Amino acid sequence: MRLSPDQKIFWQHGFVNLNLTIVTTWVLMLILVLGAKLITRKLKSEITTTRWQSILEMLVIGMKGQIKEVGLDKPGKYIGFIGTMFLFIAVSNLFAIVPWYEAPTSSLSTTAALAICVFIAVPFFGIAESGLMGYLKTYLQPNFIMLPFNIISELSRTLALAVRLFGNIMSGGLIISILLSIAPFFFPIVMSALGMLTGMVQAYIFAILATVYITAATQDNKQIKKNKNLKHG
Amino acid sequence: MDNTTFIAVASIVTAGLTTGIGCMMPALGEGRSVSSALNSIAQQPDASSTITRTLFVGLAMIESTAIYCFVVSMILIFANPFWNHFIAK
C-alpha cells in the first residue's frame, strides 16, 4: 500500500528525484497559470463581461473581503500570497474528481513546503509593516518572560499547519482506497464527495490561519502606537 | 515471544487505541462547540457570518488533534521506526 505519492518515482539522479508529487504540482501550476493568462488576456469593464471574468472577479472580491474581515486593512498587499495559497490548495484538492489523480497535498513534503512559506511570510510582512525592531518587539508581547513561548508557538503552529492539511487529505484518500476493497461502487463515491468538501474547507482554513498569523505579526504594533498616541494626545 | 512479535502486538494495539480515543474526545469537543455556535446563531442571526468563520477555524483546530492521533497510528502501522531497527538486526 502506497501512503503518499512521493513513493512513485519517475526519474532519479543522485539524490534528486522526480516523483508523482512534483509532476502533479507542475501540471497544476501550469493549469493555474495558463488559465489565469487566458482569462485575463481580454478583460472588459463593460456591463456584459465574459463568464470566466465574472468567476475570477467573484473569487478575488470574495478573498479580499475575507482578508479584510480577519483584520488586515489593505488586502491588496496580501492577496498575492494568501490567494495563491488558497487557489493552489483548493484546485489540488478539487481535482480529486479526475480518475487516478493523487492530490499533491496528500504528501507531507508539499504541505511542509506550504507551511514553511507561511513561516517565512509572517516575519516578512511583519518587518515590511513595522520595521525590524518593531517586528522583534512582538516576540516580547505581554512581557519578556513570554519570549521562549512565543518562539515555540511560532514553530509548533508551522508543524500543525503542515500536519493538519496532510492528515486530512491523506486520510480521505486512504478511506476511499479501503472502502474500494470492502464496499465498491457506491460508498467510495459518497466518501470522495465528502473528501472534496473537506478539501475545500481545509484550503479555506489554511488561508484563514495564514491571514490570522500575518495579522498578529503586523497588528500588535499598530495597537501599541495607537495607545501611545492616545496617551500623548 | 521474540522482539518482532512483541513490537507488532504493541504497535497494532496502540494504533487502535490511539485512533479510538483520539476520535472520541475531539468528537465530544466538536459537538459542544457546534451546539453553542448554533445557539448563538439562533440568538443573533446578524452575526452568523462571523460566528461561522470563527467556528470553522476552531473546528479545524479541534479536528487537528484527531488528525495527529490518526497520523501517529498510521506511522505505527505502516512506517514503524522500531520495526525496521529490529528487522535489520
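Trainee: Among contacts in chain B between residues at least 6 apart in sequence, what percentage join residues at least 24 apart?

Mentor: This is a predicted model, in which local features need pLDDT of at least 70, side-chain atom pairs count only at pLDDT 80 or more, and totals for chains, interfaces and linings use all residues. Residues are numbered from 1 along each chain as its sequence is written, while chains are lettered from A and ligands numbered from 1 in the order in which they are written. Two residues are in contact if their C-beta atoms, placed from the backbone, lie within 7 Å. For chain B, the share of such contacts that join residues at least 24 apart is 85%.

Trainee: What radius of gyration does chain B have?

Mentor: Chain B holds 3 helices and 0 strands, helices being DSSP runs of H or I with at least four residues and strands runs of E with at least two, numbered from the N terminus. Its C-alpha trace spans about 65 × 20 × 10 Å along the principal axes. The radius of gyration is taken over C-alpha atoms, and the globule rule is 2.2 Å times the number of residues to the power 0.38. A compact globule of 89 residues would be near 12 Å, but chain B has 20 Å.

Trainee: Which element gives the most to the side of chain A that touches chain B?

Mentor: The contact joins 12 residues of chain A to 9 residues of chain B. On chain A, α5 (147-182) and α6 (187-232) each supply at least two residues of that side. With 6 residues, the element that gives the most is α5(A).

Trainee: At which residue does α4(A) bend?

Mentor: Helix α4 of chain A covers residues 108-137 and spans only 33 Å between its end C-alpha atoms, whereas a straight helix of 30 residues would span 44 Å at 1.5 Å a residue. The expected span is 1.5 Å times one less than the number of residues. A bend is the angle between axes fitted to the seven residues ending at a residue and the seven starting there. In α4(A) the bend is about 115 degrees, at S130(A).

Trainee: Why does A113(A) count as partly exposed?

Mentor: A residue is buried if 20 or more other C-beta atoms, placed from the backbone, lie within 10 Å of its own, exposed if 12 or fewer do, and partly exposed in between. A113(A) lies in helix α4 of chain A, where the buried residues include T111(A), L114(A) and S130(A). A113(A) counts as partly exposed because its C-beta neighbours inside 10 Å number 13.

Trainee: Which element gives the most to the largest nonpolar core?

Mentor: A nonpolar core is a set of buried Ala, Val, Leu, Ile, Met, Phe, Trp, Tyr and Cys residues joined through C-beta atoms within 7 Å. The largest one has 40 residues, and those with the most contacts inside it are F206(A), A210(A) and I214(A). At least two residues each come from α3 (75-94), α4, α5 and α6 of chain A, together with α2 (48-78) of chain B. With 10 residues, the element that gives the most is α6(A).

Trainee: Leaving aside its neighbours within four places in sequence, which residues is I214(A) in contact with?

Mentor: I214(A) is one of the residues with the most contacts inside the largest nonpolar core. Beyond four places in sequence, its contacts are L72(A), Y78(A), A121(A), V122(A) and F125(A).

Trainee: What percentage of chain A counts as buried?

Mentor: Chain A has 6 helices and 2 strands, running β-β-α-α-α-α-α-α from the N terminus on. Its C-alpha trace spans about 70 × 55 × 40 Å along the principal axes. Of its 233 residues, the buried share is 25%.
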